[in-house]
Amino acid sequence: MLAATPVGAQRLAETGDTGEGGDRTLIIDALAEQLVFDELERLHDAGARFTVLSEERGTVDYGDDGVLVVVDPIDGSMNAKRGMGHYSLSIAVADGPTMADVFFGYVFDFGPGEEWRATRGGGAFLNDTPIIGPPHERRTADGRLELVAIESAHPRYLAQSSDALVEHVYRIRAMGSIAIALCQVAVTRVDGMATLWRARSVDAAAAQLIVREAGGLVAFPAFEHPLGAPLDLVPHSPVMAARTPDALRRLAALSTFQPV
Ligand SMILES: [Mg+2]
């Protein structure tokens, strides 16, 4: 579908609707979601039972609310519509209501064509290669994290976080997809990842398992349990990921988000 929709007017076109997740829906968002639902309906016809939570359509019942399929048809729509670098399909499957209950995560990055996946207790994979023993995080001589991916990079949040960024981070990258930015932590292409504002579950559910199965640490700091964020369409909490507890603590200082 994306290959058949060249960058330009067709990629920029909006449906006129606002998705259940709150963003204005692009036609490519809606078409990508339809393709995912076509596959899910085939699985249902073959006997599978589950419930789907998807960015544009919201919750759709396929016969079992004990198996939740969390779909972001395109994470990084801003990049997709402009033909920039990274945008992804993100699918998570959970057997309970929170991030801790995700047992399968899948992220496909349409930029470099990278497939990331993980199963709970079964490890993480990049393009079918197990992620084993990724590099250690890198620090500057004074202890700052060398490279950190920042998402929800609204200029106001960046300004509010600027002192903490100077204190804890040497250089930042803003890739434009929460799912893809998280995946970079799984192989330590970045030393940490943080959103500066509340993220929605559809953006993070799959990639957070990929990071954890690759030995990384993930936290949703609005919740007492670091993985306690519910699998719904409400933006509850920032998400952050790193490879060490000290790095995660430094990233928590970046977010100006205050629990209400
Ligand atoms: Mg999306």
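**The α6 and α7 pair**

Modeller: The axes of helix α6 (residues 178-186) and helix α7 (residues 201-213) come within 8 Å and cross at roughly 5°, where axes are lines fitted to C-alpha atoms, for helices over the stretch in contact, and angles run from 0 to 180 degrees between N-to-C directions. The two helices, α6 and α7, are therefore roughly parallel to each other, a label given to angles under 35 degrees, while those over 145 count as roughly antiparallel, 65 to 115 as roughly perpendicular and the rest as oblique. Helices here are DSSP runs of H or I with at least four residues, and strands are runs of E with at least two, numbered from the N terminus. This is a predicted model, in which local features need pLDDT of at least 70 and side-chain atom pairs count only at pLDDT 80 or more, whereas totals for chains, interfaces and linings use all residues. Residues are numbered from 1 along each chain as its sequence is written.

From α6, the residues I178, A179, L182, C183, V185 and A186 meet D203, A204, A206, A207, Q208, I210 and V211 of α7, a contact being two C-beta atoms, placed from the backbone, within 7 Å. Not counting residues up to four places away in sequence, I210 touches C183 and A186, and its partners also include G105, V107, W116, R117, A118 and A124.

I210 also belongs, with V70, L182, M193 and A206, to the residues with the most contacts inside the largest nonpolar core, which has 71 residues. Such a core is a set of buried Ala, Val, Leu, Ile, Met, Phe, Trp, Tyr and Cys residues joined through C-beta atoms within 7 Å; buried denotes 20 or more other C-beta atoms within 10 Å of a residue's own, exposed 12 or fewer, and partly exposed in between, with C-beta atoms placed from the backbone. Domain 1 (9-130) and domain 2 (145-252) both give residues to this core, so it lies between them; the domain bounds come from an automatic or database domain assignment.

The C-alpha centres of domain 1 and domain 2 lie 19 Å apart, and their contact takes 38 residues from domain 1 and 29 residues from domain 2.

With 33 C-beta neighbours inside 10 Å, V239 counts as buried.
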